[in-house]
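Subject: Structure handover

Hello,

Here is the structure I promised to pass on. Please open it alongside this note, which then goes through what was found.

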Amino acid sequence: VQLQACGGGLVQAGGSLRLSCAASGGMFTSYTMGWFRQAPGKEREFLAAGSQSGAVTVYADSVKGRFTISRDNAKNTVYLQMNSLKPEDTAIYFCAAKRFSTAQQMSTVRRNEDATWGQGTQVTVSS
């Protein structure tokens, strides 16, 4: 599967953005989807994951209540709705796909080889 993320940009603190990640070349419904981010000088951080149907979701504590992951299997697309953005949310955001996995398992992904990754989209939150 190939992933193409978009929707990043510059937003003021307190604002919202919705990221999209379109998948192609694979059976989308067999993949658990996730979102991660990496800020300059920091390790990649798990944010959210959703099961193949979207019914089960897992969130990092840092974004719980502010970010929402969802997917449209008819469009082979996963979304990350980000509300109440803070300057510390500034990072490159990546979508990831992991086949035959649970959302909880996606939350523990650390190595590049453990999932398929999109190219990243920059999110900058100004204070």
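Aspartate 89 counts as buried because its relative accessibility is 1%. Here buried means under 20% relative accessible area, exposed means over 50%, and partly exposed lies in between, with a 1.4 Å probe and protein chains only. One note on provenance: this is a predicted model, where local features need pLDDT of at least 70, side-chain atom pairs count only at pLDDT 80 or more, and totals for chains, interfaces and linings use all residues. Residues are numbered from 1 along each chain as its sequence is written, and side-chain values use heavy atoms, with hydrogens and water left out.

**Salt bridges**

The structure holds 6 salt bridges. The term covers a side-chain nitrogen of Lys or Arg within 4 Å of a carboxyl oxygen of Asp or Glu. In general, side chains of opposite charge can pair when their charged atoms come close.

Aspartate 89 meets arginine 66 in one of them, at 2.7 Å from N to O. Aspartate 89 sits in the loop between β8 and β9, and arginine 66 in the loop between β6 (57–59) and β7 (67–72), so the pair ties together parts that are 23 residues apart in sequence. Strands (E, at least two residues) and helices (H or I, at least four) are DSSP runs, numbered from the N terminus. Arginine 66 is buried, with a relative accessible area of 11%. Salt bridges with shared partners link Arg37, Glu45, Arg66 and Asp89 into one network.

Arginine 37 also pairs with aspartate 89, at 2.8 Å from N to O.

Aspartate 61 and lysine 64 form another salt bridge, with their closest N and O atoms 3.2 Å apart. Are these two residues buried or exposed? Aspartate 61 is exposed, and so is lysine 64.

**Cysteines**

There is 1 disulfide in the structure. The cut-off is a pair of cysteine sulfur atoms within 2.5 Å. A disulfide is a covalent bond between the sulfur atoms of two cysteines.

Cysteine 21 and cysteine 95 are the partners, with 2.1 Å from S to S. Cysteine 21 is in strand β3 (residues 17–24) and cysteine 95 in strand β9 (residues 91–99), so the bond ties together parts that are 74 residues apart in sequence. The torsion about the S-S bond is about 60 degrees, so the disulfide is right-handed. Cysteine 21 counts as buried, at 0% relative accessibility. Cysteine 95 is also buried, at 0%.

Cysteine 6 is in no disulfide. Its nearest cysteine sulfur, that of cysteine 21, is 8.4 Å away. Cysteine 6 is partly exposed, with a relative accessible area of 43%.

**The sheet**

Which strands make up the open sheet of 4 strands? The order is β1-β3-β8-β7, with antiparallel pairing. Strands pair if DSSP finds at least two bridges between them. β1 (2–6) and β7 stand at the edges with a single partner strand each, so one side of each is left without a neighbour in the sheet. From one strand to the next, the twist averages 15 degrees. These angles run from 0 to 180 degrees between N-to-C directions, with axes fitted as lines to C-alpha atoms, for helices over the stretch in contact.

β1 and β3 pair in the antiparallel sense over 5 bridges. Alanine 5 stands opposite cysteine 21 in β3.

**Two further residues**

Methionine 106 is in helix α1 (residues 103–106). Methionine 106 counts as buried, at 0% relative accessibility. Contact means heavy atoms within 4.5 Å. Leaving aside residues up to four places away in sequence, methionine 106 touches several residues, including Thr32, Phe36, Phe46, Ala96 and Ser101. Methionine 106 and cysteine 21 are 85 residues apart in sequence and 16 Å apart in space, C-alpha to C-alpha.

Asparagine 73 is in the loop between β7 and β8. Asparagine 73 is partly exposed, with a relative accessible area of 28%. Asparagine 73 touches Phe28, Thr29, Gln52 and Ser53, again not counting residues up to four places away in sequence.

Best wishes
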